There are 2 protein chains.
Amino acid sequence: MKPTVKDVARSAGVSLGTVSRVLAKNATVNENIRNRVEEVIEKLGYSPSSLGRSLRLNKSDIIGLVIPDITNPFFADLAKHLEILASAAGYSVLLANTHDDPLAEKKQIQSLLGRAPAGIVIAPVSNSLVSERLSKEPVCVTVDRPLAGHSLVSVDNVEGGRLAAEYLLGLGHRRIGYIGGPGTTEVSLQRLSGFSDQIARAPTEHGRSVEFTVVEGQFDYKSGEEMGRRLLSVPANLRPTAIATANDQQAIGLLRCSRDMGIRVPEDLSIVGFDDIPLASLVLPRLTTIRQPVHEIAEIAIRAVLGRGAINGPILLPPTVVERESTARFL
Amino acid sequence: MKPTVKDVARSAGVSLGTVSRVLAKNATVNENIRNRVEEVIEKLGYSPSSLGRSLRLNKSDIIGLVIPDITNPFFADLAKHLEILASAAGYSVLLANTHDDPLAEKKQIQSLLGRAPAGIVIAPVSNSLVSERLSKEPVCVTVDRPLAGHSLVSVDNVEGGRLAAEYLLGLGHRRIGYIGGPGTTEVSLQRLSGFSDQIARAPTEHGRSVEFTVVEGQFDYKSGEEMGRRLLSVPANLRPTAIATANDQQAIGLLRCSRDMGIRVPEDLSIVGFDDIPLASLVLPRLTTIRQPVHEIAEIAIRAVLGRGAINGPILLPPTVVERESTARFL
DNA sequence: CTGTTAGCGCGTTCAC
DNA sequence: GTGAACGCGCTAACAG
């Protein structure tokens, strides 16, 4: 049987309260007694039960992480950094996937709340139905995607979209395609809006402006492949010379499909992704993309959740263009 | 304030015990009373506290998942399926990354044990120091990598290695390289041993046998790139015509490096990976690989942990060759 | 500075 | 078939 404070107390010849105080560090305890208790703890291999403590404090040392899908490299990266930081601070992270399903999300959150988590980090689904449910306790910050009434830490998606368009236009492209994410998600909308606003501001040449086509897909490899095929299945002289995507997975799917269709990247087609997942620098050709500062996002989120940094109003981190090999000047 | 059983009881005009019985379903409760209680539960939006229940039963509804690194797509995939199955059964999964550090692993497990998890699914690090610590309670199954004294569910790594070698030899390759994983991990050793055993059994031709070179790397993209460079930086007539790797990430890094060195895949070099991560079918060229049945692994592990399927002795699932575009017959 | 005591929310065992 | 009481492991408040 696992030893409890009671066992330690008895074995050390002191009372429960004293053991508790030794465990709490800060309280004032006699040197000798403290040593004796610590010895006993060591000898018995005692380790405190989070269960008892959590019940008493009505607050566990669990941080809930609610995301659409852990196999999305961006979220995996986020999860990793959150977990490292949380673990260093003595917290554990509970993983909950929503698969972009509002009902699943609701259920997951419900169950999470029953655990009295120290905090929640959530990338909410599109039409989340939980906004009010997470009122004040526990601290909840949203990442990547906003949720009414909660503080957000995220990359500036509008600016990211703008950056991508600016970059492509600067390269001389004038027939441009865009593969968006699901129209129901805020991020998709923001990235697209930043992108198309910048396109709209492009100077007109020879009396006509930029040709711009948008298709909507999912945030995965396969969708990038399918939507790419749709965008590229037109006569060569009408085909876009550059395509931006709403995330890197789509861009990689697009790469795949370009190759299958015999369209060379970047000679015939420039591609720019979004996120800068680890893989972006490993595909052929290496992917030019808009980088999100995942580490920072994780760090700020954890700080906010653990109360070591108040956060009011959305925190929008600046994206950056990472230029690699999938883009070229249009001649 | 979150309502408790007490609130429900008072509001329904019954006692605590009765509410508890209603919640437990199975016990015999008067029809009218049951309905009234359920109504009140609905009205109050009551949901039971896992904390209280867990403390009482000394068993939480948490399943600990201890893995080296969630950004490894194989583990992400595993985590996803485990989480789906766990969630469906009313359990949550706690994520713990070890980064292949035995000390970190020990600390993570220690903290996990304080939560009285319903079960633990672990892919132990190389020289794990926890084998005895996880004696009987809670149920613990290891995946991917073995750990003395615990049941294992995994792919048959030796057979997988053998399959890769057999496949490459069958394609006519006789100068073959191998990029292994860290020599300290069981899986690396097993995959390599299966591979080299099969190589050794190859019929000798023109009086000489197969040329076989092995290098050791880490299980990531970058290492595949570096080790590939090492294997390929020799005069063309001495260069391997085929290389197998211990996982897909290495193979993708190798793809990257071949491209950089101007070596064509599969014309000049055949590559076969291991795992079949989602990405394997998306890189250029699509990767031939040895597939692990991740879904099955997740399913068996969860069943074992939740006690719905006893498991004695290691369960070794059969790997399969997935032939794609990164391999070709040697002429 | 230390011991004692009272619950945190829940399930269970005993009377009734 | 139902209610009352106890205790899971722990911490905080109070008394000594």
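These legends walk through several close-up views of a predicted two-chain model.

In this predicted model, local features need pLDDT of at least 70 and side-chain atom pairs count only at pLDDT 80 or more, while totals for chains, interfaces and linings use all residues. Residues are numbered from 1 along each chain as its sequence is written, and chains are lettered from A and ligands numbered from 1 in the order in which they are written.

**View 1. An open sheet of 12 strands includes strands of chain A and chain B.** Helices (H or I, at least four residues) and strands (E, at least two) are DSSP runs, numbered from the N terminus, and two strands pair if DSSP finds at least two bridges between them. Follow the order β11(A)-β5(A)-β4(A)-β3(A)-β1(A)-β2(A)-β2(B)-β1(B)-β3(B)-β4(B)-β5(B)-β11(B), where the pairing is mixed. At the edges sit β11 (315-317) of chain A and β11 (315-317) of chain B, each pairing on one side only. On average, neighbouring strands are turned by 20 degrees against each other, direction ignored; axes are lines fitted to C-alpha atoms, for helices over the stretch in contact, and angles run from 0 to 180 degrees between N-to-C directions.

**View 2. Helix α6 (residues 102-113) of chain B packs on this sheet.** The helix touches β2 (92-97) of chain A as well as β1 (62-67), β2 (92-97) and β3 (119-122) of chain B; residues are in contact if their C-beta atoms, placed from the backbone, lie within 7 Å. The direction of α6(B) makes about 180 degrees with that of β1(B).

**View 3. β2(A) and β2(B) run antiparallel, joined by 3 bridges.** Here Val93(A) has Leu95(B) as its bridge partner. Looking at the chains as a whole, 40 residues of chain B are in contact with 40 residues of chain A. On the chain B side, the elements that give two or more residues are α4, α5 (73-88), β2, α6 and α10 (248-260). The residues of that side divide into 20 nonpolar, 13 polar and 7 charged, where Ala, Val, Leu, Ile, Met, Phe, Trp, Tyr, Cys and Pro count as nonpolar, Asp, Glu, Lys and Arg as charged, and the others, Gly among them, as polar.

**View 4. Helix α4 (residues 50-57) of chain B has buried residues and an exposed face.** Ser50(B), Leu51(B), Ser54(B) and Leu55(B) are buried. They lie on the same side of α4(B) because they cover an arc of only 125 degrees around the axis, taken from the directions from the helix axis to the C-beta atoms. A residue is buried if 20 or more other C-beta atoms lie within 10 Å of its own, exposed if 12 or fewer, and partly exposed in between, with C-beta atoms placed from the backbone. The cover over these buried residues includes α4 (50-57) of chain A. Turned away from the buried side are the exposed residues Arg56(B) and Leu57(B). Just after the helix, Asn58(B) takes a positive phi of about 55 degrees.

**View 5. Strand β4 (residues 139-143) of chain B is largely enclosed by the rest of the structure, because 4 of its 5 residues are buried.** β4(B) pairs with β3(B) in the parallel sense over 4 bridges, and Val121(B) has Val141(B) as its bridge partner. β4(B) also pairs in the parallel sense with strand β5 (residues 151-155) of chain B, over 3 bridges; in β5(B), Ser151(B) is the bridge partner of Val141(B). Ala301(B) touches Leu82(B), Val121(B), Val141(B), Val143(B) and Val153(B), not counting residues up to four places away in sequence.

View 6. Val66(B) counts as buried because it has 25 C-beta neighbours inside 10 Å. Leaving aside neighbours within four places in sequence, the contacts of Val66(B) include Glu105(B), Gln108(B) and Ile109(B).

**View 7. An open sheet of 6 strands in chain A has the order β7-β6-β8-β9-β10-β12, with mixed pairing.** The edge strands are β7 (211-216) and β12 (320-322), each pairing on one side only. Strand β6 (residues 175-180) runs parallel to β7(A) over 6 bridges, with Ile176(A) standing opposite Phe212(A). Helix α9 (residues 221-232) of chain A packs on the sheet, touching β6, β7 and β8 (242-245).

Terms used:
Two residues are in contact if their C-beta atoms, placed from the backbone, lie within 7 Å.
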